[in-house]
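Here are a few exercises to work through with the viewer open. Try each one yourself before reading the solution.

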Amino acid sequence: MDLLERIKSGRYRAPPVRRAYIPKADGSQRMLGIPTFEDKVAQRAVTMALEAVYEQDFLPCSYGFRPGRSAHQALRTLQNVLWAKRLYWVIDIDIRKYFDSIPHSHLRTFLDQRVTDGVIRRMIDKWLKAGAVEDGLLRRTTEGSPQGGVISPCLSNVFLHYVLDEWFETEVRPRLKGESTLARFADDAIMAFDNIDDAKRVLAVLGKRLARFGLTLHPDKTRLVDFRPQMTEGARHPETDGTSFDFLGLTHVWGRSRNGKNMVRQVTAKSRFARAVAAVSDWCRKHRHWSIRDQHRHLSSMMRGHFAYYGVGGNIRRLRWFAHQVVRIWQKWLSRRDRQSVVRWARLNELLKRHPLPPVQIAHGYTAASESLS
């Protein structure tokens with residue numbers, strides 16, 4: 001009750017977040033802002049209020065950090081719409097350091113349109129102005145909503161709703177010649193078109209649209225993809241860059257269905273696969289002196305988590321290869337517990353009979369295009 005009273009009366013003081021960094025797949029670092037426990041509670045309360053307002057406005061193309069929506073819904077819908085509507089020209093969008101670059105002035109302007117409650121607006125302003133503590137120094141910022149805060153995903157969705165989603169649906173699509181679609185999960189977005197002229201026109205203005213609101217397209221990662229079926233790298237359109245693309249950790253490529261027809265397949269992206277294998281190897285190395293039972297329990301948990309996300313229809317080969325790599329890595333580090341504990345494959349097979357690892361599972365099978373698009 002004391003927290004609620006301080007929020008209502010305006011006496012609540014938002015503490016600065018603790019800044020931390022985690023490595024990214026490309027070698028750079030992702031900045032996180034870690035709030036206090038009390039701040040998390042307050043942010044969650046305000047987030048719930050904002051969700052009640054903006055869930056009425058958010059468009060179907062937005063999937064990230066929304067109640068009842070998930071990454072797999074975005075993947076399934078994108079897979080089926082590319083297949084059913086023959087949207088073979090894809091813009092793979094990458095916004096450079098999005099969460100660190102959101103201008104507070106533009107964000108406040110967008111919030112003005114729907115949020116008029118003084119208490120909520122005052123709390124949001126306090127969090128935006130709170131700053132971050134890094135190396136013992138307090139740094140104030142005029143842009144960014146650091147990842148790690150409970151309210152950051154909601155604010156980032158509000159920002160891109162106006163900057164990208166609404167712009168695409170109300171201004172871009174009516175001016176196009178053919179069919180198109182947008183799928184967005186937080187700052188990961190894909191646009192697809194049924195002709196290259198529309199794709200080129202949108203790509204030409206997309207950077208200007210984002211720059212107007214203080215955002216920048218990554219020049220190397222943002223690209224136009226020739227996603228036509230059975231298209232080889234050498235035969236692709238000269239104005240495109242690549243014949244496949246990654247979205248939410250899965251590479252989208254063309255394959256064949258059981259009856260021989262072309263279909264969009266989603267397989268574990270090479271970078272994500274390598275990261276998952278490296279994580280298993282690092283854990284086994286650090287915990288090789290644990291008991292077999294405890295190691296088995298943790299490795300099983302890691303495998304189940306991997307299968308739960310990457311277990312999509314058409315990805316069975318990558319899943320089996322991951323399971324094989326886990327067994328190989330476990331055997332390697334069990335053999336290095338000490339000089340006398342070399343674990344041969346025969347002994348490992350006996351061990352796996354007593355402590356079997358989880359079987360490969362497809363958690364998210366194919367769905368009909370009509371079901372996904374409804």
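**Exercise 1. Locate A276 and decide whether it is buried or exposed.**

Keep in mind that you're looking at a predicted model.
- Start with the secondary structure: A276 sits in helix α9, which covers residues 270-286.
- Next, check the accessibility. A276 has a relative accessible area of 17%, and the cut-off for buried is under 20%, so A276 counts as buried.
- Now look for neighbours, skipping residues up to four places away in sequence: A276 touches H306 and F322.
- E350 is 74 residues from A276 in sequence, and their C-alpha atoms are 26 Å apart in space.

**Exercise 2. Work out how D198 is placed and what its side chain meets.**

- D198 belongs to helix α8, residues 196-212.
- Its relative accessibility is 0%, so D198 is buried.
- Leaving out residues up to four places away in sequence, D198 is in contact with L176, K177, G178 and F193.

**Exercise 3. Describe how helix α1 packs against helix α6.**

Two packed helices are described by the angle between their axes and the distance between the axes.
- Take α1 (residues 2-9) and α6 (residues 118-129): their axes come within 9 Å and cross at roughly 95 degrees.
- An angle of 65 to 115 degrees counts as roughly perpendicular, so that's how α1 and α6 are arranged.
- On the α1 side the contact uses I7, K8 and S9, and on the α6 side V119, R122 and M123.
- Sort these by class and you get three nonpolar, one polar and two charged residues.

**Exercise 4. Now take helix α5 and helix α7: at what angle do their axes cross?**

- The axes of α5 (residues 104-112) and α7 come within 10 Å, with a crossing angle of roughly 80 degrees.
- That makes this pair roughly perpendicular too.
- From α5, the residues in contact are H106, L107, F110 and L111; from α7, they are L155, V158, F159, Y162 and V163.
- By class, the α5 contact with α7 has eight nonpolar residues, one polar and no charged ones.

**Exercise 5. Find the largest nonpolar core and the residues with the most contacts inside it.**

In soluble globular proteins, nonpolar side chains tend to be buried together.
- The largest core here has 101 residues, and L50 and M191 have the most contacts inside it.
- Helix α7, residues 152-172, gives the most to this core, with eleven residues.
- Zoom in on M191. Beyond four places in sequence, its contacts include W89, I93, L164, W167, F168 and V202.

**Exercise 6. Step back and sum up the whole chain: how many helices and strands are there?**

- The chain has 13 helices and eleven strands.
- Its C-alpha trace spans about 70 × 55 × 35 Å along the principal axes.
- Of its 374 residues, 47% count as buried.
- Take the contacts between residues at least 6 apart in sequence: 67% of them join residues at least 24 apart.

Notes
Residues are numbered from 1 along each chain as its sequence is written. Side-chain values use heavy atoms; hydrogens and water are left out. Helices (H or I, at least four residues) and strands (E, at least two) are DSSP runs, numbered from the N terminus. Buried means under 20% relative accessible area, exposed over 50%, partly exposed in between (1.4 Å probe, protein chains only). A polar contact is a pair of N or O atoms within 3.5 Å; within protein, one must be able to donate a hydrogen and the other to accept it, and residues adjacent in sequence count only if both atoms are side-chain atoms. Contact means heavy atoms within 4.5 Å. Axes are lines fitted to C-alpha atoms, for helices over the stretch in contact, and angles run from 0 to 180 degrees between N-to-C directions. Angles under 35 degrees count as roughly parallel, over 145 as roughly antiparallel, 65 to 115 as roughly perpendicular and the rest as oblique. Ala, Val, Leu, Ile, Met, Phe, Trp, Tyr, Cys and Pro count as nonpolar, Asp, Glu, Lys and Arg as charged, and the others, Gly among them, as polar. A nonpolar core is a set of buried Ala, Val, Leu, Ile, Met, Phe, Trp, Tyr and Cys residues joined through side-chain atoms within 4.5 Å.
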